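Here are my notes for a first look at this structure. Please read them with the model open.

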Amino acid sequence: MSRKITIIGAGSVGSTIAYTLSMESLASEIVLIDINKQKVAGEVLDIAQGTCFRDPISIVAGEYEDAKDSDIVVITSGIARKPGQTRIELTQTNVNIMKGIAPEIVKVAPKALYVIVSNPVDIMTYVFTKISGLPENQVIGSGTLLDTARLRTGLSQHYEVAQKNIHAYVFGEHGDTSFIPWSCADIGGAHFDDYTKIMKAYGKKAEPVDQEAMIQYVRKSGGQIIANKGATFYAIAVSVVKLCAMLLSSSDSIATVSTMMNGEYGVEDVCLSMLTLVGPNGVQGKVPVELSDEEMEKMHASANALKEVISGIEI
């Protein structure tokens with residue numbers, strides 16, 4: 001089946017998403033759009049020349065009108081934070097960029113599902129939802145999908161067990177107020193405390209995980225990568241492509257993505273991540289698993305932190 005995915009923004013994240021998509025069989029057509037025409041032309045040429053080893057796929061450097069009939073539009077545009085720049089200043093700059101993009105892309109692709117990756121992603125998802133005029137089910141932020149992947153990586157290394165057997169998630173903001181709801185986390189159906197006991201009974205080295213150290217690992221991974229190599233793009237690209245696969249599948253999946261909250265956990269009028277049912281029709285609903293009182297407080301703290309930022313910007 002022919003599938004078309006448009007990516008807006010040909011920076012490190014956008015171009016890596018395009019490259020990763022070109023190695024998969026999700027799309028038959030990829031459109032990459034960027035204000036820097038020379039950069040996007042170079043990225044497309046480089047990616048396209050590697051596709052001779054796979055089934056034919058169309059990859060083009062385009063304009064907004066080339067996004068017509070897209071099944072999915074991925075938005076990565078925005079600038080990185082500069083030294084001395086406050087979070088709100090950065091947010092307002094990227095909000096202004098989003099305000100320029102939204103009407104242009106929605107005009108030509110009103111039926112597409114939109115995946116927002118631009119940071120701060122929860123704020124950008126909220127802004128796009130508000131200004132696009134699209135139904136909320138069509139707008140999905142990448143949210144804590146990457147954070148959850150980082151969490152499972154850390155837990156996999158700690159317990160020496162395959163990531164696919166770990167069912168643990170990161171909720172809330174993609175940022176400093178994110179949290180891990182340990183009450184609904186398990187390894188192969190066993191709660192973490194029980195799993196530790198089971199492994200010790202087998203004579204395997206198994207120590208309880210340091211929960212505070214693990215959330216700090218999740219929160220600080222991005223900063224560590226940026227300090228070491230200047231930017232993060234591989235893991236987020238794979239996360240976004242996985243989300244695209246969910247949206248193009250024949251049935252729904254559950255993922256920690258950022259969407260508009262409408263009273264779940266007593267939170268509304270803000271976008272953040274919780275377990276969400278997504279599929280070919282976009283957001284199909286939330287999965288409000290039971291949280292402990294402490295986790296509920298963390299969810300509200302995350303929502304309030306995001307609302308404080310929203311109150312300081314002009315949409």
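Where is Asp-69 found? Point 1 starts there.

1. Asp-69 and its backbone. This is a predicted model. Asp-69 sits in the loop between strand S3 (58–61) and S4. Its phi is positive, about 70°, although Asp-69 is not a glycine. The residue is exposed, because its relative accessible area of 59% is over the 50% cut-off.

2. Asp-269 is not a glycine either, yet it has a positive phi of about 60°. Asp-269 lies in strand S11. At 38% relative accessibility, Asp-269 counts as partly exposed.

3. A cis peptide bond. Look at the bond from Asn-119 to Pro-120. That bond is cis, with omega near -5°. Pro-120 belongs to the loop between S5 and H4.

4. Overall build. The protein chain has nine helices and twelve strands. Its C-alpha trace spans about 60 × 50 × 40 Å along the principal axes. A compact globule of 315 residues would have a radius of gyration near 20 Å, and the chain has 20 Å, so the two agree.

5. The largest core. The largest nonpolar core holds 42 residues. Among those with the most contacts inside it are Ile-75, Ile-105, Tyr-114 and Phe-128. The elements giving two or more residues to this core include strand S2 (29–33), strand S4 (72–75), strand S5 (113–116), helix H4 (121–132) and helix H9 (293–311). Helix H3 (87–108) is another of these elements. H3 supplies the largest share, six residues.

6. Ile-105 up close. What is Ile-105 in contact with, leaving aside its neighbours within four places in sequence? The partners are Ile-8, Tyr-64, Ala-67, Val-73, Tyr-114 and Phe-128. Tyr-114 and Phe-128 are also listed with Ile-105 among the residues with the most contacts inside the largest core.

7. Another core. A second, separate core has 35 residues. Ile-236, Ala-237, Leu-243 and Val-283 are included in this second core.

8. Buried residues make up 49% of the 315 residues in the chain.

9. Surface and charge. The chain exposes about 14800 Å². Carbon and sulfur atoms supply 51% of that area. There are 27 positive and 36 negative charges.

Terms used: Residues numbered from 1 in each chain as written. Predicted model: local features only at pLDDT ≥ 70, side-chain atom pairs only at ≥ 80, totals over all residues. Heavy atoms only, no water. Core = buried A, V, L, I, M, F, W, Y, C linked by side-chain atoms within 4.5 Å. Buried < 20%, exposed > 50% of the residue type's maximum accessible area, 1.4 Å probe, protein only. Helix = DSSP H or I, 4+ residues; strand = E, 2+ residues; numbered from the N terminus. Contact = heavy atoms within 4.5 Å. Rg over C-alpha atoms; globule rule 2.2 N^0.38 Å. Areas by Shrake-Rupley, 256 points an atom, 1.4 Å probe, with all protein chains shown as cover. Lys, Arg positive; Asp, Glu negative; His and termini not counted. Charge placed at Lys NZ, Arg CZ, Asp CG, Glu CD.
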